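Subject: Model handover and notes

Hello,

Here is the structure I promised to send over. My notes follow below it.

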Amino acid sequence: MDEKKIRELYAQSEIDSVYQTLNSSSKGLSSEEAEKRLEKYGLNEIKRPPKQSQWQTFIKNFTTLMAILLWISGFIAIVSGTMELGIAIWLVNIINGTFSFWQERQAQKATDALNKMLESYVQVYRDGKKKQVEAKHIVPGDVFALQAGSKVPADARIISATSLQVDQSALNGESVPESKRTSFDPGEGKYAESNMVYSGTTAVSGTATAICFSTGMDTELGQIAHLTQEQEKVDSPLTRELNRLTKQISIIAFTIGLFFFIASIFFVKQPFGAAFIFSLGMIVAFIPEGLLPTVTLSLAQGVKRMAKKHALVKELNSVETLGETTVICSDKTGTLTQNQMTIHYIRTLNDEFEVTGDGYVNNGQVELNGKQLWYDEHPDLKVITEIASLDNDTSIENKDGQNKILGTPTEASLVIMAQKAGYDIHKQMVKKPRLREFPFDSERKKMSTVNHISDSEAAVLVKGSYSDLIKDCNFVQVNGEVKPLTAEDKQKLDRLNADYARQGLRSMGLAYKKIKNDDAISNLTIETAESQLVFAGLVTMSDPPRPEIYDAIKHCHDAKIRVVMVTGDSKLTAKTVAVKIGITSEKARVIDGRELDEMSDSELREALKDEVIFARVAPEQKYKIVKTFQENGEVVAATGDGVNDAPALKRADIGIAMGLSGTDVAKDAANMILTDDNFASIVAAIEEGRTVYSNIRKFLTYILSSNVPEAIPSVLYLLSGGLIPLPLTVMQILTIDLGTDMLPALALGAEPSDPDVMKRAPISRDEHLLNKRVLVKAFLWYGLLEALVSIAAYFFVNKQAGLVFGHLAASGDIYIKATTMTLGAIVFSQIANVINCRTEKVSVFKKGLFINPHIWTGILFEIILFIILTVTPGVQGIFNTGVLGISDWIMLCLIPIPLILIEEARKKLFRINK
C-alpha cells in the first residue's frame, strides 16, 4: 500500500479501528512491547546518507585533471634533468591539495556545529502512565502528548485535541498554522487532514494526544529525505570548466613542445636528446602551475568573505557557481519576508487606524489621521484592543535579546498591536480574568472567551474569520455607541474586507457582547455565546517583507538575475508580495500546484520564459520547477528551509538552506547555508561568486601573458637557425613561471570585487574561462607588448657592446647580461601586467591602487627574487644571470609606467565607445 493510501486509512478510520490496526489502545503500549517494536522498526530518526571518509575526501583533492597534469609536469621536469623543478611542482600540488582539503573540512565542521541540537524528548504513555522518553525511541502504536512548543516526533492520528494549531511550514511551506481536531476533514492540499499530525512539524498552541503510526524513514519527512538522498551529485560548473581548461592547456603545451622539438632538430640542427630536453622544458613552461593554488585561494577568500556576510559555503567550488547563477527560486516566508506577522490597519465602520512598525517588537504606534492615539482615547479602539488581548492564548518572551512567541503568529501580532496602543495586557488579565473559553476550530473559524468585567457583568469576546464572524453579528459599535447592523453597513464592511484582501492582507474580525456575570455562564454553549454579537472592527495583517529585500531584488535585476517565488502560500498572497518587493510586475502569471500538475513539460518550459510565480506547490513540484529551469539552460539557485525544499535544494546548481529556521534535512541537501535566513545575503554571495570567476580570469590573463615573451625568444632562436642566441634560457623561463609570477598571480585571486561586477549579465554556460577575449588580451595585447619590451632589452645590451645581428654574443659576460636584462624586462613588464589585470574596464586608479595589499607584497617578492638571482654567486650559474648596473636598473624600473598608461588609455577608449 502506498503512503497516500496509508494516510487516508488512518485519517478516515474510526479511532477504535486505528487502535486495532496498531494493536494498541488509548493507554499506549507496555514498556516490554515498545522494546520489541523498537527492535522491529528501528530508531525513529532520519538516516543520513553515508559521507565520504576523510581519506577519500583528502585523495579527491589530488586527483582532479589539473592536479594530474601537474603530477605529469613534475615527472617531465625530473626526466629532463631538472630534479629541483620537478619537486617544486609536486610541492605546489601537495600544498594546494592539502589546503583545499583543510578548507572544505573547516566548512564541514561549521555545518556540523550549525546542525548540532539538543536531544528531543516527548511525553508518551507507557504501562498506562505518562513518561518522558527520547523522541528517537517512539514506535508505531505509542500514544504521546503534545502541547504548545512541542515538536511532533512522528506521523500520528489525533486522539484528543484542545485548540491545537500546528505549524506545518517545514512540510508544505504554508506560513499559517493548521487547526487540528479529532474529526476528519481532508482540508486543502497535502498534509492538510484535520486529524493527522506529521513528524518535523510543531504544535504552536493548544494540547493534544495522538497515536503514532509511522516512524523514521517511513514518515512523510523520511520519504522526502529519501527522495533527496537518491539524487546523484553532479559536478559544479567550475569543476567542469577547470577540466575543460586543463585539456585546453594540455593541448596547447604539448603542441608547443612538439613544435619546438621539430624546429630544434630541423632549424638549429640540435641533437635529438638536446632537442627533446629543450621541448620538455617548454611544455613545463606553458603549464600554469599556479592555476590550482590561485583557484583554491580565490575560492577560499570568497568563502571567508561570504562567512562575514552570513553565508556558510560547504564546498569551495560552490562559490564560483553562485557567480554563474541566472535564476533564484526563492521561498517567501522568512527569506523574502520577516516571518513575523504584523498588524497594519485596524478598521471600524467609520475609521481606519494605522499601526506602524514591523515584527514581534513594540516599535511603532497606533495612529488616526496621522496622529498617535492610545487605546483609551477612542472607545472603538479600546474595545478592539481589549478583545485582541484577552481573547488570546499567545505570549511573547524575550530570550537572549530576541523576542520569541509562545503560540501562533496571528495572536502574537495582536499582542504587539495592543502594546503599541499602550494596553497593559498582564494588568488587564488580572482585572478581567477568563471565566470560560471556546477554543478555535476550523469548522466555525472562531475563538471565544468569557471574561469578568464586574461583579454583575461579563463579556463574550470573539475573534475569527471575518466572513464567518459577521454572520453572527446583529449590532455594530460606532464611536462607542452600539446600533443595529444594517444591510448597508454589512455591504460596506464586505467591500472594505475585499479591498484589504486585494492588497494581500489577511483580515480578522473582532466582536463582543455583554452578559450577566452569574451562574448561567457555566451553562453557556458555543451557539448562545457566539450569537447576537456586536461587531467591533477588523484588523488586517501580513508577514512584512524584510527591509533590505527591496535593494537586494534591485541588485538582482541589475545583475540580470531572475528571482522566481516558489511558495506554499496562497496565489493572492504570493503575487501581492512579489509585486510589492519588485520581483515581478502585475502582469506576472501565478501558477498553483494543481495547474502545475496539469501542465506538460513543454508548457512548463514555455511558462518559465515569462514572468511567473508559483504558489501552493508540493515538494516534488519544487524539484520539477528547478529541473525544468535547468533544462532551459539556466543556472539555478534554490532557497528553502523545510523538509519539503530538500529535493529541490539538492537538484539545484546551488542549494541554499536557512540556518536559523532550516531543518537538518534541508541543510544536508544544500551547498550553502544562510546563518541569518536573509535573501540579501544570497545577493552578497552571488557578488562574491562573480568576483571569484573574474579573479580566475584575471589570473589566466596575467599568467598566459608572460608565455608570449617567454616563447618569442625561443622562436627567434629557432627561426634564425641559431644566429640569434637564445635570449632566455629554459631555467629563466621556469623562474618566471614558478618564481616571480607566482605570488602576484595568487594575489589576483584575492582581488576585491570590481565596481561594476553586479551590473554585468551572469556568465553564460557556453562561455569558458579560456575564451577568445582572454586569449587575444593575453597573447596579442599584453603578451605582445611584453615581448617587444623584453626583446628590445636583449638587443639593447648587445648594441651597447657594439654587437649587431649575425654577431650577437652567444656566451660570456655580454650574453649573461643580455639574458638577465631580457628576464628583468619580463619581470618588470609583469609588474605592470598584474596592476593592469586588476580591472577589466574600470580604471585601476578609480578602483584604488592599494586596496589589495597582496598585490604589492607579490610585486616586492618578485623584485627581491630577481635581485637574489642576479647577485648570488651560486645561483647565477644555474640561472645564467649576472649583476646589472645602475642604468640597467633605472631602465627596468621605468618599464611598468608606459605599459600601465597605454592600458589605461585602452580602457578609457573602451568606456567612451561604450
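Helices (H or I, at least four residues) and strands (E, at least two) are DSSP runs, numbered from the N terminus. Ser811 sits in the loop between helix H30 (772-800) and helix H31 (812-836). Ser811 is exposed, because its relative accessible area is 56% (buried means under 20% relative accessible area, exposed over 50%, partly exposed in between, with a 1.4 Å probe and protein chains only). From Ser811 to Met341 the separation is 470 residues in sequence and 84 Å in space, C-alpha to C-alpha.

Two notes on the source. This is a predicted model, with local features needing pLDDT of at least 70, side-chain atom pairs counting only at pLDDT 80 or more, and totals for chains, interfaces and linings using all residues. Residues are numbered from 1 along each chain as its sequence is written, and side-chain values use heavy atoms, leaving out hydrogens and water.

Confidence

pLDDT is the predictor's confidence in each residue, from 0 to 100. The protein chain averages 86, and 91% of the residues score at least 70. Residues 114-119 stay under 50 in pLDDT. For that stretch the model has 12 contacts beyond four places in sequence (contact means heavy atoms within 4.5 Å).

Overall picture

The protein chain holds 36 helices and 28 strands. Its C-alpha atoms fill a box of roughly 125 × 70 × 50 Å, taken along the principal axes. Of the 914 residues, 55% are buried. Take the contacts between residues at least 6 apart in sequence: 71% of them join residues at least 24 apart.

H28 and H33

Helix H28 covers residues 730-740, and helix H33 covers residues 853-871. They pack at an angle of about 140 degrees, with axes 11 Å apart. Axes are lines fitted to C-alpha atoms, for helices over the stretch in contact, and angles run from 0 to 180 degrees between N-to-C directions. H28 and H33 are therefore oblique to each other (angles under 35 degrees count as roughly parallel, over 145 as roughly antiparallel, 65 to 115 as roughly perpendicular and the rest as oblique).

On the H28 side, Thr735, Gly739 and Thr740 make the contact. They meet Phe861, Glu862, Leu865 and Leu869 of H33. Those residues divide into three nonpolar, three polar and one charged. Ala, Val, Leu, Ile, Met, Phe, Trp, Tyr, Cys and Pro count as nonpolar, Asp, Glu, Lys and Arg as charged, and the others, Gly among them, as polar. H28 is mostly covered, with nine of its 11 residues buried. Among them are Ile733, Leu734 and Asp737.

H27 and H30

Helix H27 (residues 707-719) packs against H30 at about 55 degrees, with axes 7 Å apart. H27 and H30 are therefore oblique too. Their crossing is right-handed. H27 contributes residues including Pro709, Ile712 and Leu716, and H30 contributes residues including Phe779, Leu784 and Ile791. This contact has 10 nonpolar residues, three polar and one charged.

Asn23 lies in the loop between helix H2 (15-22) and helix H3 (31-41). Asn23 is exposed, at 59% relative accessibility. Ser163 lies in strand E4 (residues 155-167). Ser163 is buried, with a relative accessible area of 16%.

Best wishes

Technical notes. A crossing is left-handed if the near helix is turned anticlockwise from the far one by less than a right angle, and right-handed if clockwise.
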